[in-house]
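Please keep the sequence and the model open while reading.

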Amino acid sequence: MRREMMRSSREQAIALLAGAPYVHLASSGPDGQPVLRALHGVVCDGALYFHGSPAGEKVSLVGREAVVAHEELVAEIPSYWTDATMACPATSLFVSVQAHAVVERVEDPVEKASALQALMRRFQPEGGHAEIRYDDPRYRKPVDGVALWKLALDRVDGKWKLAQNRGADYVRTVIDRLWERGRATDARAIELLLEANTSVERPAFLQGPERSTLHPWSDPSALAAALELVRDEYWNAARFDDEAITAAHRASSAWVLARDEHGAVIATARAVSDGVKYCYLGDVAVRRDWRGRGVGAALVRMLLDHPAVRRAARVELATRDAMAFYERLGFSLVSQQHNGTFVRSTMALVRAQNVVAA
Ligand SMILES: CC(C)(COP(=O)(O)OP(=O)(O)OC[C@H]1O[C@@H](n2cnc3c(N)ncnc32)[C@H](O)[C@@H]1OP(=O)(O)O)[C@@H](O)C(=O)NCCC(=O)NCCS
C-alpha cells in the first residue's frame, strides 16, 4: 500500500470482508487467462470459505494464487467543495479489503460441514433448517456432493481512504459540506472521517456539553448500549422486547448518540422521517448520571438539524412528562389523551404553516 497511513487494522479489514454481501475473487485459469467471479463467502476459523459444484470452473483454481476483494463507497467528494475552478480535487472516500492466498480444496467432511453451516448462519441467520453436521446421516450425501474451497486469511490488507493525507482544514471543510449536502450516507461518512482523523477537532455541531461528543450515525455495535438506556423506559417496558426495539432503531431514518470523553454511550435518540413533510421522534433518553447537564437538549437539537429530519415540515413526538424540555426546543403541545396510567401529550414542531399529518 502506497500510503501506510490508510492501512486499517487487521480486525477492521476482516470485519469488512466478513460483512460483505458477496465478494469478488480474481485468479487465473489453466490457460493463463484471467478469471473473475462473484462469490458468497463466509469468514470462519481464519479463512474465507466458498462452495460450488465439483464439476464447475472453480475446480481449476485449486493451487493457484487468488485475490478476494470487497469495497464500500463512503462518499463522493466533488471538486468544487475545495477548489472553485479546477476539477482535480474531485475524489471518493472508501473502505476496501483485499486478501491474497492460494486456493485450497477442503476435503475433510467435518470441516466442510462446519463451513457450510457457517455459510447458512451468515446468509440465512433466521435458521429454519437442521444444523449441517457430518454425523447427521441426512447431510452425508449433500456434504460429500458439494465442493468447498478456502483461502487462508494470512495476507489481508484493509485500505481506509478517508483523507488521512489531506490535513485538518480539508477534513473540516469536507465534514461541513457533507452535513450540508446530507445525502442518506453522508452522516456515516462524517463519522468515519472523524474516526480516521482523530487529531481533527470536532465541528461545533458535534460537540456536546462537558467534553461529551455528538454522533450523527453509529454502526450497530452501539445498539446494546442504546437498548440499556431505553428498554426500561415507560414507553417500551412491558410492550416491546429487545428484538423489537433493535429493529425499530435499525429501521429509523436517523439514530444519533452522545458519548462521554471515553467513548461510552450516554444518550440516544432516533427519528422516522419522510424527509419532507413529516417526521416522528422517539426513544430519546439520557443516562441517569448525565441528566440535567444539557446533553439531551444538545442531542435533540442535532437530531432536528440532521439531514434526514431538517427539511421535514412537521416534527412530532409523544411524552408523559418532558413537555417543558421539548417546549424549549421549539415544540408546542398539540393534544393530550389518557393512556391507561398516564396522560400522553403529543407535541409538534411546525416549520411550515398549513401542514397536516396526512
Ligand atoms: C428528558 C431527557 C431526555 C432530558 O435530557 P437531559 O439531558 O436531562 O436534559 P437537559 O439537561 O438537556 O435539559 C434541558 C432543559 O430541559 C429541562 N428538562 C430536562 N428534563 C425535563 C423533564 N423531564 N421535564 C421538564 N423539563 C426537563 C431541564 O431542566 C433543562 O432546563 P434548563 O436549561 O432551564 O436547565 C432526560 O431527562 C431523560 O432521559 N429522561 C428519561 C427519559 C425520558 O423521559 N425521555 C423523553 C421521552 S419523550
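In which loop does Arg 211 lie? Arg 211 lies in the loop between helix 5 (186-196) and strand 10, where helices (H or I, at least four residues) and strands (E, at least two) are DSSP runs, numbered from the N terminus.

## Basis and domains

This is a predicted model, in which local features need pLDDT of at least 70 and side-chain atom pairs count only at pLDDT 80 or more, while totals for chains, interfaces and linings use all residues. Residues are numbered from 1 along each chain as its sequence is written, and side-chain values use heavy atoms, with hydrogens and water left out.

The chain is divided into domain 1 (4-75 + 95-160) and domain 2 (205-350), with bounds that come from an automatic or database domain assignment. The centres of domain 1 and domain 2, taken over C-alpha atoms, are separated by 40 Å.

## Residues with positive phi

Most residues other than glycine have a negative phi. Arg 211, which is not a glycine, has a positive phi near 65 degrees, and with a relative accessible area of 62% Arg 211 is exposed (exposed means over 50% relative accessible area, buried under 20%, partly exposed in between, with a 1.4 Å probe and protein chains only).

Asp 45 also has a positive phi, of about 50 degrees, although Asp 45 is not a glycine. Asp 45 is placed in the loop between strand 3 (42-44) and strand 4 (47-52), and counts as exposed at 72% relative accessibility.

Two strands are taken to pair if DSSP finds at least two bridges between them. On this basis strand 1 (residues 23-28) pairs with strand 5 (residues 65-77) in the antiparallel sense over three bridges, and His 24 stands opposite Ala 69 in strand 5. Strand 5 also pairs in the antiparallel sense with strand 6 (residues 91-102), over 12 bridges, where Phe 94 in strand 6 is the bridge partner of Leu 73.

An open sheet of four strands has the order 3-4-8-7, with antiparallel pairing; its edge strands are strand 3 and strand 7 (104-105), each of which pairs on one side only. Strand 4 and strand 8 (residues 147-152) run antiparallel and are joined by six bridges, and Lys 150 in strand 8 is the bridge partner of Tyr 49.

Seven strands form an open sheet in the order 10-11-12-13-14-16-15, with mixed pairing. Strand 10 (213-215) and strand 15 (332-339) stand at the edges with a single partner strand each, so one side of each is left without a neighbour in the sheet. Strand 15 pairs with strand 16 (residues 342-350) in the antiparallel sense over seven bridges, and Met 347 in strand 16 is the bridge partner of Leu 333.

Helix 6 packs on this sheet, touching strand 11 (254-259), strand 12 (265-273) and strand 13 (278-286), and its direction makes about 90 degrees with that of strand 12; contact means heavy atoms within 4.5 Å, axes are lines fitted to C-alpha atoms, for helices over the stretch in contact, and angles run from 0 to 180 degrees between N-to-C directions.

## Helix 6 against helix 7

Helix 6 (residues 223-230) and helix 7 (residues 242-250) pack with their axes 10 Å apart and at an angle of about 115 degrees. The contact is made by Leu 223, Leu 227 and Val 230 of helix 6, together with Asp 242, Ile 245, Thr 246, His 249 and Arg 250 of helix 7.
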